[in-house]
Amino acid sequence: MHVCQRCVCFLLWRPLSAALQQSTRSLHQHTQHNILQHSTTHTSVYSRAGGLRYFTHQHTASPDVQNTDPQQNEAGKHVVPLEKSAMHQTSQVYLSGLDAVVRPSPLQEISDEEAVQIQVPSVLPADSFTLRPYVEKSETLRKLVQLGVSLWDLEQRPNVGSMLVRLDFQADVAPRLLFLRDLGVEESTLGRLLTKNPFILTESLDNLQARVSYLKSKKFSAQSVAAMVSKAPYLLNFSVERLDNRLGFFQQQLGLNAEKTRNLVTRLPKLLCGSLEPVKENLKVCELEFGFRGNEIQHIVTTVPKVLLASKRKLTQIFNFVHNTMDIPHSLIAKFPQVLNAKFLRIRERHLFLEYLGRAQYQPDQPNYISLDRLVFLPDDVFCSEVALASLEDFERFQKTL
């Protein structure tokens, strides 16, 4: 192995610098001007109290010329040859060490045992704050992006990015995508589903099939199961025991038959995935605070299932305004429960506008009766022309006064 002088200087800088300092201190004890003589070219070392300063090459007179200067003769007694200096010996040691390094040829044949011990660096970065560096190297991430999966949303969640990088597309991802497609999930919704629930890619295919089979055994149609999985991406992550317990809870708590229970969870499959605490709280609020009877609560829930998961503050605000301010009885609210799922601001603005016009009449047995569904769900232009009998500009000007 041959190393150029520049590489040798770079490799031996630290050990040679120590040797240079030691050699300089030794030479400084004998004389202030040490001259290293080699052939006809002499390398002079100028040393001061601070140590080695610089090197320079000087040509001397012919060796046949006799030097008559006594000071120069005195200085020549202490000349140290370069071959015997500590610097030269140290450099020879390290140079011999460099020559001892044997690197195999790229064309040299190796055994199987040696081939197994070769460590190949990974093409993927060891760690990263984002998934961007992995997309070009990972087939799984590229395919997920093509399906419409939002990698930015996934990398914000702990441990999800590292999980996706470890997945093999052919072995882990493709079989589950085929399973969802055979189940009836539309391809246009796969990206949103996997963005919400990437952990379905790690679920066992046997477990997924067992949960689908259980739902079908409870007389859920294939279309209903596909719609439920699309609406609630975490549905198939729960065990059969949990799904059975949830269905039993809603059937017993609300007094529903099997058909109404299936209709309830098909329209709002999140009831099978989320916590039961808000459901229990809203049922108590409707019964104890609002004063609805059991059959009225059953009708409200089956008509508007979102009431079970709505905010207690929102339900209380809307009920107090509709029942206490608008003077609408429980029976009418239970007959039109959609009002509990409407926007409070819309209810308030339209009621005050009708009250300003003298048309706020919500009793069915009175003339100019206005139902709650027409009050809440009609567009502004239709509401103004058919219910308030006013122009849209008048309604907008009235809104500015509130």
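I looked up Arg293 and found it exposed, at 53% relative accessibility; exposed means over 50% relative accessible area, buried under 20%, and partly exposed in between (1.4 Å probe, protein chains only). Arg293 forms a salt bridge with Glu296, and their closest N and O atoms are 3.3 Å apart. A salt bridge here is a side-chain nitrogen of Lys or Arg within 4 Å of a carboxyl oxygen of Asp or Glu. Glu296 is buried, with a relative accessible area of 8%.

I noted the ground rules. This is a predicted model, in which local features need pLDDT of at least 70 and side-chain atom pairs count only at pLDDT 80 or more, while totals for chains, interfaces and linings use all residues. Residues are numbered from 1 along each chain as its sequence is written, and side-chain values use heavy atoms, leaving out hydrogens and water.

How many salt bridges does the structure hold? I found seven.

I checked Asp380 next. Its salt bridge partner is Arg350, with the closest N and O atoms 2.6 Å apart. The pair links distant parts of the chain, 30 residues apart: Asp380 sits in helix H22 (residues 380-388) and Arg350 in helix H20 (residues 344-357). Helices are DSSP runs (H or I, at least four residues), numbered from the N terminus. Is Arg350 buried or exposed? Arg350 is buried, at 1% relative accessible area, and Asp380 is partly exposed, at 33%.

I then followed a network. Shared partners join Glu281, Glu289 and Lys312 through salt bridges. Glu289 and Lys312 have their closest N and O atoms 3.7 Å apart. Glu289 is partly exposed at 47% relative accessibility, and Lys312 is partly exposed at 33%.

I turned to the cores. A nonpolar core is a set of buried Ala, Val, Leu, Ile, Met, Phe, Trp, Tyr and Cys residues joined through side-chain atoms within 4.5 Å. The largest has 51 residues, and Phe250, Phe292, Met326, Ile347, Leu375 and Phe383 have the most contacts inside it. Its largest share, five residues, comes from helix H18 (residues 312-325). Ile347 touches residues including Ile318, Phe321 and Met326; contact means heavy atoms within 4.5 Å.

Last, I looked at a helix pair. Which residues of H14 meet H15? Leu247, Phe250 and Gln251 do, against Ala258, Thr261, Leu264 and Val265 in H15.

Note on methods: Helix = DSSP H or I, 4+ residues; strand = E, 2+ residues; numbered from the N terminus. Lists of a residue's contacts leave out its neighbours within four places in sequence.
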